[in-house]
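Please open the model in a viewer and follow the stops below in order.

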Amino acid sequence: MAYIAPIHRPSSIRHALKLNFLDPDDDCLVVAKSNRLEFYTQNAEGLSLQHSKAIYGKVTMLQKLRPALSRTDHLFVGTDMFMYFTLSWNAEEKQLHTEKTFESVADNAARESQTGERCHVDPSGRFMTLEVYEGIITVIPLVQRGKKRKQEPDIAHLGEPVPSRVSEMFVRSSAFLRPRSADEKPKLALLYEDTHSQVKLKLREIYFASDNSIDLDEGEKYQGELELGSSHLIPIEEPTYGLIIIGETSIAYYSDDTGELLTEPLEEATIFVAWARVDAQRYVLADDYGRLYLFMLVVDGRNRVQTWKLDVIGKTSRASVLVYLDAGYIFVGSHQGDSQVIKIAEKSMDVVQTFSNIAPILDFTIMDMGNRSSQGQTNEYSSGQARIVTGSGAYQDGSLRSVRSGVGLEDLGVLGEMEHISNLFGLKSNSSSDFVDTLLVTFINESRLFHFDSQGEVEEVEEFAGLSLAETTLAVSNISQGRVVQITNSHVRITDLDGGMIVSEWSPSNNQTITAASTNDNYILVSLGGVSVVVLSIDGGLNVVKEKIYDATSQVACVSLSAYSESICFLGFWQNSKLSVCSISTLDPITNVQISDESVPRSLLLTQIFADQLPTLFIAMADGNVVTYTFNPSTNELSGNKSTVLGTQQASFRALPRGNGLFNVFATCEHPSLIYGLEGRLVYSAVTAEKAITVCPFNSEAYPGSVAIATLDDLRIALVDTERTTHVQTLKVDETVRRIAYSPSLKAFGLGTIKRILKGGEEILMSHFKLVDEIQFKELDTYPLNEEELVESVIRCELPDGSGELAERFVVGTAYLDDQNAVAVRGRILILEVTEDRMLKVVAELAVKGGCRCLAMCEGKIVAALIKTIVIYDVEFKTESKPDLVKVATFRCSTAPIDMTVNGSFITIADLMKSAVVVEYQRGETGLPDTITEVARHFQTTWATAIAEVDENTYLEGDAEGNLIVLYRDPNGVTDDDKRRLNVSSEIQLGEMVNRIRSIDVATAPEAVVVPRAFIATVEGSLHLFGLIAPDYQNLLMTLQSNLAELVTTPGNVPFAKYRAFKNQVREAEEPYRFVDGDLVEHFLDMSDEVQTKAVEGLGVDVESMKVMVEGLRRLH
């Protein structure tokens, strides 16, 4: 039973459209990111997101319609499952509303369009055309013929689709011509490639035939020659009308009136990929190399086209779609680079806004799983602790991206290197100020003060308000009447802000040591070695309100005062893990609770997390657990014990204000976390401050809303996000990062890159292997490959160094580009070492007869997947300095190996067409050669793209049609056939092609619902977490998924089972098989109480228990 949930949603943009959707008077931009629609409006800063919605299917087309009686446009959406629907905006509910939906009516035997799906609405508003299959144009009438004009509500309401066969195959582009009169029949122009590979142009008229059927007549055909590189048709508005035909070496204007073609050559050949209309005579064009052009028609006095002008404006990401927004602003949607909003100036442009995009992810590596400081991870797993580094984008948009899910931290400045900081406190030097300006930093045996001015300048001061700096400070804060209270190990002191005069001082008798302290506006609570507790009142000097001595069976571990109730305090005890709510005047317990059986409380904090709920008490246990209770100040009762594992050591808490009297809690431990309230529940999220040991809020004039953070070796000021998001750091490489390997010991990445350069109008590809530093993300060294040689695979491993030791090495597999001059050598395997001065040096090199598709290590030997065979090489040293690669065993694949995963002596190979095969490498006995023998095989046709072992004899495979399959091998099968067969245990349609699967091994709690097993990266820029469901919860989660699928409605009313069902060219399933979609299951938390109650009907658990379980699942990623 398998579970999948998104860590990073798809970010690739292939489709975008401007329309009046949300408001009749304001334009809105709709963007399609794989299966998600996002709606943006334009403001002074750029685009702001107004609404986002997932749909069941990958968006392949967007178009706008305006029904006669509607004040806003409707959005027509087509998906890769051949489902089509129109959406409108319900302004009251602020939700999308499905107007009409239908499935494709074309023949299932028809071949899908090779040049992409297209959708057009004729300018007169009578017809809509869909081009989904080769040789078929589906026409949808938008006006019902024969109806009187008074029934105008029917205009732009979709009629029944009518498929019409046409002789034109391989249509490169199509467009409706702009009509010269209202009576003119709609004309559809088709730019297509004929059977002789010639490019032709044909205009077809669409009309209602006499029997109310729809006809596409043969129309007129342009007889002249068109450029072979012609790719786009642009329909021209009045006054000129006609078509622009965009080619690689020329741009032509076709007049539909005279049938003439005016062609002029380009100064430099290029490949245009997208266009957008600015006005009747100006258009913006984008080419494959990221250049943006302004195209302008030059017309004479009689509105006839004379010529055209083309100017380069600037460079952007390689555009998939261009949308002209308004007033010179253009949206550049990109699949292989960041999407941008740009503003056009005179022959130049400025980038106004950038939308991060990590698609396509060609490869990725897991840099750390949050356990870099310790030997192993023993805490509860969350992908927020994992840092994934991806090779993203292509060519000039290629980059390295560091992706981390968690609460972001933006450094504003470093105060300096300081070690052994134990705590931080912010103070005001002026009691009437809204801002703090002094930071007290306390160490093991001293305290230091730093003063900040309004400009952010910092100086260390020797004295502040008479505070004692010769010892460690347990607590310090501003109190009323311009005073400061300070508590150290030896005394409590109240001083005057202005003169620094000591107003009052108290020291414990018999030289006892103050070990814990807490303060609020009226009282101070101190623990003396855990043996006695003293309450001091602040008003009128420091007076002892109550002192209570505890015997050896009930020593105090931690103390805390409440800001929400003046009459009580909290005491945590070493024995029995007891927590008491005590009266401040008598220290007698009002309420007692036992927190846990295994550990003791070490830190307490009561704060207000939720707006309309009771305050929450946080208790840090010595074993790394955090326990929370809801505290009722009126009854002093504690309720709702919930426990979460944050680490292996006790956490310390600090409340960070988030406005309106609410707080987030920053918990510092080996995995710092921010605890915040979201939709009525507590969320624990990893913070990107890996080494933080203590924090404090520091809302200063120069750095409003910031925090001071002490790490193991420095002190810094930073801004902390209030909620968790996915954080992406970028290193521009300007080359395709095709392969990536990470070496923790070298603290470096090995990158296989491909660079594209234009030389005299010809594309030249150059490939390199680069060494990049992990911290500074900077290039250390580059090894260039030969001409026409491309990097195919990169791994890091440990290989013999000739002296009997193992040494860190990078192994690179390459392939030569196929050309007419084929020779025996088709690729190379290179072994590179990193020298002490961090340079690359080739240790060994082997020419191979096929491109080296992928590499792995098996029992200390290199496994290379060549074009048709798997070869195992041993590294042998004939001389001590020069190793040789010696072939020891081979295995021939069915077609071509695509990916490999190795466990012990078993090698699992993903095959191009024939799914997966498991083989075993066996060393030869006494003089016999080593062998590779087939152990098991998946006997189905699957175009595999990636594979990884996710459990013993269990494999996760991705295919080219967006499916995920879990295969398992039964070595203890009854018959030999049972043992040789890989069986499907789970399958689902992910909807995106998977490029890489990396297995992970993390420790989880014994009662974990889902055990994380792998990360998955896709072409569309999404990252997913894959896990295996514990047997006890399989039926529960599957039934919950079925219940939710019936209760959740999505745009287009597409059934969940159909959307997620396995589907390829060979077979189509009815529903996902033993696979749980985490996106749907986690949607349970966002539903109304009524729907949640329906969802758990018949499951044998209540809503609250299910919420807790699903929250745990959401925390995984």
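Begin by selecting Lys 578 and Phe 573: Lys 578 lies over the face of Phe 573, at 4.7 Å from the ring centre. A charge is taken to sit over a ring if NZ of Lys or CZ of Arg is within 6 Å of the ring centre and within 35 degrees of the ring normal. Select next Lys 343 and Tyr 329, where the charged end of Lys 343 sits over the ring of Tyr 329, 5.2 Å from its centre.

A note on the source is in order. This is a predicted model, in which local features need pLDDT of at least 70 and side-chain atom pairs count only at pLDDT 80 or more, while totals for chains, interfaces and linings use all residues. Residues are numbered from 1 along each chain as its sequence is written, and side-chain values use heavy atoms, with hydrogens and water left out.

Turn now to the aromatic rings. A search of the whole structure finds 22 aromatic pairs; rings of Phe, Tyr and Trp (its six-membered ring) pair if their centres lie within 6.5 Å, and planes under 30 degrees apart count as stacked, over 60 as edge-to-face and the rest as tilted. Select Phe 452 and Tyr 703, an edge-to-face pair with 6.4 Å centre to centre and 85° between the planes. This pair links distant parts of the chain, 251 residues apart: Phe 452 belongs to strand β37 (residues 447-452), and Tyr 703 to the loop between β59 (692-698) and β60 (706-711). Helices (H or I, at least four residues) and strands (E, at least two) are DSSP runs, numbered from the N terminus. Phe 452 counts as buried at 3% relative accessibility, where buried means under 20% relative accessible area with a 1.4 Å probe, protein chains only. Then select Phe 21, Phe 39 and Trp 89, which form one aromatic cluster.

Move on to the open sheet of 4 strands, whose order is β75-β76-β77-β78 with antiparallel pairing. β75 (897-903) and β78 (931-937) stand at the edges, each with a single partner strand, so one side of each is left without a neighbour in the sheet. Strands pair if DSSP finds at least two bridges between them; β75 and β76 (residues 906-911) pair over 6 bridges. Within this region, select Thr 901, which stands opposite Thr 908 in β76.

Finish at the largest cavity, which holds about 190 Å³ of space. Among the 19 residues of its lining, select Asn 35, Glu 992, His 1024, Arg 1060 and Asp 1079, which lie nearest its centre. A cavity is a set of points on a 1 Å grid over the protein atoms alone where a 1.4 Å probe fits but cannot get out, and lining residues have an atom within 4 Å of a point.

Notes. Buried means under 20% relative accessible area, exposed over 50%, partly exposed in between (1.4 Å probe, protein chains only). On a 1 Å grid over the protein atoms alone, a cavity is a set of points where a 1.4 Å probe fits but cannot get out, and a pocket is an open set with protein on both sides within 12 Å along at least five of seven lines; lining residues have an atom within 4 Å of a point. Grid points are joined across faces, edges and corners, and a volume is the space filled by probe spheres set on the points.
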